Amino acid sequence: MLIVITGPSGAGKTTLIRRLLEKHPELKFSVSHTTRPPRPGEIDGVDYHFVSEAEFTRLLKKGFFVEWAVVHGFHYGTSKNEFKKSRFSDLILDIDVQGAKQIRNMNQKVKEALFIFILPPSRACLEKRLMARGDLSMAEFELRLRKASQEIKSYRLFDYFVINDDLDRALDQIEAIILAEHLRLSKMKKQIKEILNSFRMK
Ligand code: ADP
Ligand code: 5GP
């Protein structure tokens with residue numbers, strides 16, 4: 001199953017996904033390509049595949065990406081190779097709202113996709129969190145807030161909503177959503193058929 005985690009910058013996607021992956025090593029993370037320079041502590045091939053603009057454009061022309069977007073002035077994209085990992089295990093995507101919309105629109109091909117929208121509790125809280133990160137200029141900060149208000153307006157396109165107020169509670173809610181999705185008929189059919197067969201044997 002493809003698990004798309006989206007929402008405005010600063011809502012807490014990266015923090016929540018890190019915690020989720022620590023707790024559930026069986027989940028795989030889709031490592032995006034980006035032209036943004038690495039931040040301290042980020043590892044090439046683990047957090048992102050860091051590439052130049054020229055390399056990103058070359059890959060884009062080759063049809064390498066299933067979705068891509070320009071986010072805060074840099075290119076970001078999910079490659080077909082990463083996407084394929086979802087055949088073998090649940091795959092977590094941390095992508096912006098533009099990218100999530102692209103995947104939602106190709107949903108016929110991606111039947112098993114779950115969209116979780118992460119929201120900050122309020123604008124004031126988002127401002128505080130973006131400020132606390134301390135890595136943004138005033139112009140970048142303003143841009144993210146404007147973009148956040150646009151992105152939140154698209155909320156109807158997504159399946160589930162997690163208000164990231166208390167981190168532990170938000171994490172519990174994401175786990176509950178994933179578990180519930182696995183208990184749907186489409187994913188339980190095989191096991192139910194086995195149970196039915198065991199009844200037929202007698
Ligand atoms: P995103 O990946 O959505 O841009 P981050 O995970 O980088 O967001 O989180 C933005 C900032 O908010 C970080 O400094 C992070 O530590 C902080 N943060 C995330 N979730 C919470 C929370 N529930 N309570 C307080 N601070 C949080
Ligand atoms: P950051 O630079 O803070 O890691 O990420 C900035 C934004 O880009 C976040 O909202 C993140 O979800 C988004 N992002 C990361 N990878 C991708 C991707 O492959 N595609 C798209 N569309 N957005 C991405």
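Predicted model: local features only at pLDDT ≥ 70, side-chain atom pairs only at ≥ 80, totals over all residues.

Trainee: OK. What does Asp 96 do with ligand 2?

Mentor: Asp 96 puts a polar side-chain atom 2.8 Å from a nitrogen atom of ligand 2. There's a backbone contact as well: a polar backbone atom of Gly 77 lies 3.2 Å from an oxygen atom of the ligand.

Trainee: How much of ligand 2 does the protein bury?

Mentor: The protein buries 95% of the 510 Å² that ligand 2 exposes when taken alone.

Trainee: And which elements give two or more residues to the shell around ligand 2?

Mentor: Those are E5 and E6. E5 is the strand at 65-71 and E6 the strand at 74-79.

Trainee: How many residues surround ligand 2, and which are the closest?

Mentor: There are 15 residues around ligand 2, and the closest are Ser 32, Arg 36, Tyr 48, Tyr 76 and Asp 94. Sorted by class, that shell has five nonpolar, four polar and six charged residues.

Trainee: While we're at E5 and E6, what lies in the loop between them?

Mentor: His 72 is in that loop. Have a look at its backbone: phi of His 72 is near 50°, a positive value in a residue other than glycine.

Trainee: Noted. Now ligand 1. Which residues come nearest to it?

Mentor: Gly 10, Lys 13, Thr 14, Thr 15 and Asn 164 come nearest, out of 13 residues around ligand 1. By class, the shell has three nonpolar, six polar and four charged residues.

Trainee: What about backbone contacts to ligand 1, say from Lys 13?

Mentor: Lys 13 has a backbone N or O atom 2.9 Å from an oxygen atom of ligand 1. Ala 11 also has a polar backbone atom 3.3 Å from an oxygen atom of ligand 1.

Trainee: And which side chain is 3.3 Å from a nitrogen atom of ligand 1?

Mentor: That's Arg 129, through an N or O atom in its side chain. As for cover, ligand 1 has 560 Å² of accessible area on its own, and the protein covers 74% of that.

Trainee: Which element gives the most to the shell around ligand 1?

Mentor: H1 does, with three residues. H1 and H5 each supply at least two residues of that shell.

Trainee: Changing topic: where do the two ligands sit?

Mentor: Ligand 1 sits in the largest pocket, and ligand 2 sits in the largest pocket too.

Trainee: What's the volume of the largest pocket?

Mentor: About 1,200 Å³. The pocket is lined by 46 residues, and the closest to its centre are Thr 14, Arg 36, Arg 39, Tyr 48 and Arg 133.

Trainee: Some of those names came up before. Which elements give two or more residues to the lining?

Mentor: Helix H1 (13-23), strands E5 (65-71) and E6 (74-79), and helices H5 (123-133) and H6 (138-152). H1 gives the most to the lining, with six residues.

Trainee: And how does the lining of the largest pocket split by class?

Mentor: The lining has 18 nonpolar, twelve polar and 16 charged residues.

Notes:
Residues numbered from 1 in each chain as written. Chains lettered and ligands numbered in written order. Heavy atoms only, no water. 1 Å grid on protein atoms, 1.4 Å probe; cavity = no way out; pocket = protein on both sides within 12 Å on 5 of 7 lines; lining within 4 Å. Points joined across faces, edges and corners; volume = space filled by probe spheres on them. Helix = DSSP H or I, 4+ residues; strand = E, 2+ residues; numbered from the N terminus. Nonpolar A, V, L, I, M, F, W, Y, C, P; charged D, E, K, R; others polar. Near = heavy atom within 4 Å. Polar contact = N/O pair within 3.5 Å; in protein donor to acceptor, adjacent residues only side chain to side chain. Areas by Shrake-Rupley, 256 points an atom, 1.4 Å probe, with all protein chains shown as cover. Sits in = over half its atoms within 2 Å of the grid points.
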